[in-house]
Amino acid sequence: MRLSRYFLPILRDTPKEAEIVSHRLMLRAGMIRQEAAGIYAFLPLGFRVLQKVCAIVREEQDRSGAIELLMPTIQSADLWRESGRYEAYGKEMLRIKDRHERDMLYGPTNEEMITAIFRAYVRSYKDLPLNLYHIQWKFRDEVRPRFGLMRGREFLMKDAYSFDLDFAGAKHAYNRMFVAYLRTFARMGLRSIPMVAESGPIGGNLSHEFIILADTGESEVFCDKEYLEFEVPGPDVDFEHIGRLQAIVDKWTSLYAATSEKHDVAAFEAIAPDKRVSARGIEVGHIFYFGTKYSEPMKAVVTGHDGVERPVHMGSYGIGPSRLVAAIIEASHDDAGIVWPEPVAPFKVMILNLKQGGADTDKACEELYSALNGKGIDTLYHDLDERPGAKFATADLIGVPWQILVGPRSLAEGKVELKRRVDGARELMTVADAIARLSA
RNA sequence: CGGAGUGUGGCUCAGCCUGGUAGAGCACCUCGUUCGGGACGAGGGGGUCGCAGGUUCAAAUCCUGCCACUCCGACCA
């Protein structure tokens, strides 16, 4: 992408409404624009990151055996009357009427709808286990939206729903998601810690929140420091193997980790003082087992081996990709701007032509640009007629992992400079070497 | 939902107290000089001062009502 042809509205001043660093940087980097309280448009750069995050979420959901579908944002109130939640949900649910005065709502979550889909088609234990997920916009009419994408009213959510014959099956489904979540966040450069959690209005009695530690986190969390060293399961983990999966979950739940709601002071103080972590955290995922809470009232039943019908055991599993974009920035930035972990970066490489219009620099940049594009590498070419300093500032702000500085100084030796955003390390090399290095 | 605050060119803000017909910096357009960490000069364009009423010869400024947004708290993915 040539910057001269792109839409990247960089802000030099920080808009006054933005209090936390991720919100500030997203506005300044031209990633998002607020349209109303807690409602944001994703501008091209922000949308690219959101899509990268979703792609990782999707890959790991698929790997764990979940199946993607897509449910609508607008739902019928009747469905929610079946579960009893239409009255129970309160003002957080955006209720609307269509032209026929029918009660509709903008979905805050999809347990009812997925249960209706399931019961319409599934009759037998032979069709289990089943885990269906989608990535769709949700709306929760928060009393006080704040912190930009961190607590918006409209937000993107990956929600998965598992169906099993009994608790044992449901536990395995829970474990699959548990492990998939560890992998998902790790791939985005985040260290997540599963913490015992309150199950809240979703209901149920087995629940973990996946928390990443950040000073600006909304919740107060407590855990054992050793979690920060734990190895995340690799891509070869066997999701079908009940025992091995359980072993991973057992390990990741063996030490103390809890949010303030579930905090047990005595248990926490039993940890060696130097191992205690008391910090702020951002919730990026939440998983629940809730048994037959919805399947019973909504009559989602399957026939078992014994020919007897019974309600399915369900769980639901949420990740907020739009919140994750903000969380990644909270975890990875410096004074100059965002520092994207490569897997979620909007572009992998940014070419900075330090002398736009110079015959040699233009030629080298064009060569780099077409070669990198040819290899399918996301490349942003800063080809505007700006001074070097301005280009450096822009590049650092939007946080692209690799910058190639092409200027007369290094070009005189036939070299360009490859700069790594994360630590500022620079290395002189030929154009050919730079291309080879970045396509490795 | 309780408390506090803010709405003035695209952005950050001054002007309001003490009414007199709207300003700065950045951004934008033109020209020139610059060019390795957010350049400089000259010229130029752009604002029903959140909305609606009221007071007044005169309202960004005073009064009333409304709307929007932000922050703290309670609540929550």
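## A sheet and the helices on it

In strand E23, Arg 426 is the bridge partner of Lys 419. Strands and helices here are DSSP runs numbered from the N terminus (E, at least two residues, for strands; H or I, at least four, for helices). Keep in mind that this is a predicted model, where local features need pLDDT of at least 70, side-chain atom pairs count only at pLDDT 80 or more, and totals for chains, interfaces and linings use all residues. Residues are numbered from 1 along each chain as its sequence is written, chains are lettered from A and ligands numbered from 1 in the order in which they are written, and side-chain values use heavy atoms, leaving out hydrogens and water.

Now for the wider picture. E22 (residues 416–420) and E23 run antiparallel, joined by four bridges. Two strands pair if DSSP finds at least two bridges between them. The open sheet has five strands, in the order E20-E19-E21-E22-E23, with mixed pairing. At its edges sit E20 (379–382) and E23 (426–429), each pairing on one side only. From one strand to the next, the twist averages 20°.

Two helices touch this sheet (contact means heavy atoms within 4.5 Å). Angles run from 0 to 180 degrees between N-to-C directions, with axes fitted to C-alpha atoms, for helices over the stretch in contact.

| Helix | Strands | Angle |
|---|---|---|
| H10 (residues 359–374) | E19, E20, E21 | about 165° to E19 |
| H13 (residues 431–439) | E19, E21, E22, E23 | about 125° with E23 |

Finally, Glu 413 is in the loop between helix H12 (408–411) and E22. Glu 413 counts as exposed because its relative accessibility is 53%, and exposed means over 50% (buried is under 20%, partly exposed in between; 1.4 Å probe, protein chains only).
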